Amino acid sequence: MLQVTVFECGGFTLGASIHHSVCDRLGATQFFNAMAELARGASAVSIEPVWDRASLLGPRKPPRIEAPIEEFLSLEQGNLPYSHSIGPVVRECFPVTDDRLERFKRMLFEQSGSRFTTFEALGAYIWRAKVNASEIGGRERVKFVYSTNIRKTLKPPLPVGYWGNGCVPIYIELTAEELREQPVWETAKQIQRSKMNITEEYVRSFIDFQELHYGDGITAGKEVSAFTDWRHLGHSTVDFGWGGPITVLPLSRSLLGSVEPCFFLPHSSANSSEAEAPAGFKVSIALRKTAMPAFREEMKKFVDDDFDGR
């Protein structure tokens, strides 16, 4: 579903509601770029769209599960949505500067001898901060989940113009006590190691699991923190003829089995020129309302450099 809202000043917003099972964020970006090309006067799009989902990403015959999918997903048909038990969820954005982030990653390297991406390092910090702020019991299982692009994982790779959903979720699971007690670099290392699970067999087994249990209430359980990185997707460069958008903002209330998703987003140019915009990005956090004040304090420690890695 698409909705355009035009304001008296001449600006407008383009809202889109896209079901993740039909199209992922990369496919959505391709769609909007194609529409923008036509709006600018092109007679045809530069990347021809490809669907063919049934043949490219259909289940095997017979379907089989040969990867550890059931370690993270279970069936809970008929249960009330988890969101009912945690009350209202609120959203807030936090700025992250490149300088602060580099100091943070340097500290983790000095402690562990390992280099981490921004997603691994900051994701580990935010995951623990969310669990601490939410006061989750020590024995409770908590999960970190992110979606990974599988377009080049498959053999042969998916066509360049594939617009459908081309990602699967990857999970890391710990007890809340384990997450709190281990150093942040160890959590970042577990996120880093999880990427080794991204194989063609994992992808095919995940698809087959969906086929076997469609309608059975597939769930990742409680206390799931979803993370996704929108900084380099290309949303910010979609040009309908007047340049890129001032800001791009997701409104998702649920993602990958989580009702408290976290998005890494490019900075908005709404309040400053591009030259004045801070070097860095922003983090959009959805969290139960009761936990947000404590989470703000956790993020203040990060921004103020008041964190020693433990």
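# A walk around the model

Start by selecting E92, which counts as partly exposed because its relative accessibility is 23%. (Buried means under 20% relative accessible area, exposed means over 50%, and partly exposed is in between, using a 1.4 Å probe and protein chains only.) You're looking at a predicted model, where local features need pLDDT of at least 70 and side-chain atom pairs count only at pLDDT 80 or more, while totals for chains, interfaces and linings use all residues. Residues are numbered from 1 along each chain as its sequence is written, and side-chain values use heavy atoms, leaving out hydrogens and water.

## Stop 1: salt bridges

(A salt bridge is a side-chain nitrogen of Lys or Arg within 4 Å of a carboxyl oxygen of Asp or Glu.) E92 sits in strand 4 (residues 89-97) and R296 in helix 9 (residues 292-303), so the pair ties together parts that are 204 residues apart in sequence. (Helices, H or I with at least four residues, and strands, E with at least two, are DSSP runs numbered from the N terminus.) R296 is partly exposed, at 37% relative accessibility. Elsewhere, salt bridges that share partners join R60, E201 and D208 into one network.

Select that trio next. Between E201 and R60, the closest N and O atoms of the salt bridge are 3.1 Å apart. This pair links distant parts of the chain: E201 is in helix 8 (residues 200-213), R60 is in the loop between helix 2 and strand 3, and 141 residues separate them. E201 is partly exposed at 25% relative accessible area, while R60 is buried at 16%.

Now pick D24 and R151, whose side chains meet in a salt bridge (2.9 Å, N to O). D24 is in the loop between strand 2 and helix 1 and R151 in the loop between strand 5 and strand 6, so they tie together parts 127 residues apart in sequence. Both D24 and R151 are buried. By this rule, the count of salt bridges comes to 14.

## Stop 2: empty spaces

Rolling a probe the size of a water molecule over the atoms shows where empty space is left. On a 1 Å grid over the protein atoms alone, a cavity is a set of points where a 1.4 Å probe fits but cannot get out; a pocket is an open set with protein on both sides within 12 Å along at least five of seven lines; lining residues have an atom within 4 Å of a point.

How many cavities of 30 Å³ or more does a search of the whole structure find? One. Helix 5 provides the largest share, three residues.

For the second largest pocket, select R25, S147, T148, N149 and D229, which lie nearest its centre among its 19 lining residues. Helix 1 (25-39), strand 5 (141-149) and strand 8 each give two or more residues to that lining. Strand 5 contributes the largest share, four residues.

## Stop 3

Most residues other than glycine have a negative phi, and most peptide bonds are trans. Select E223 again: its phi is near 55°, a positive value in a residue other than glycine. E223 is in the loop between strand 7 (218-219) and strand 8. Is E223 buried or exposed? Buried, with a relative accessible area of 11%.

Next comes E135, also not a glycine, with a positive phi of about 50°. You'll find E135 in the loop between helix 5 and strand 5, and it is exposed at 69% relative accessible area.

Then zoom in on two prolines. The K61 to P62 peptide bond is cis, with omega near -5°, and P62 belongs to the loop between helix 2 (53-57) and strand 3 (74-75). The K155 to P156 bond is cis too, with omega near -5°; P156 lies in the loop between strand 5 and strand 6 (167-175).

## Last stop: F32

Finish with F32, which you'll find in helix 1. F32 is buried, at 11% relative accessible area.

Technical notes: Grid points are joined across faces, edges and corners, and a volume is the space filled by probe spheres set on the points.
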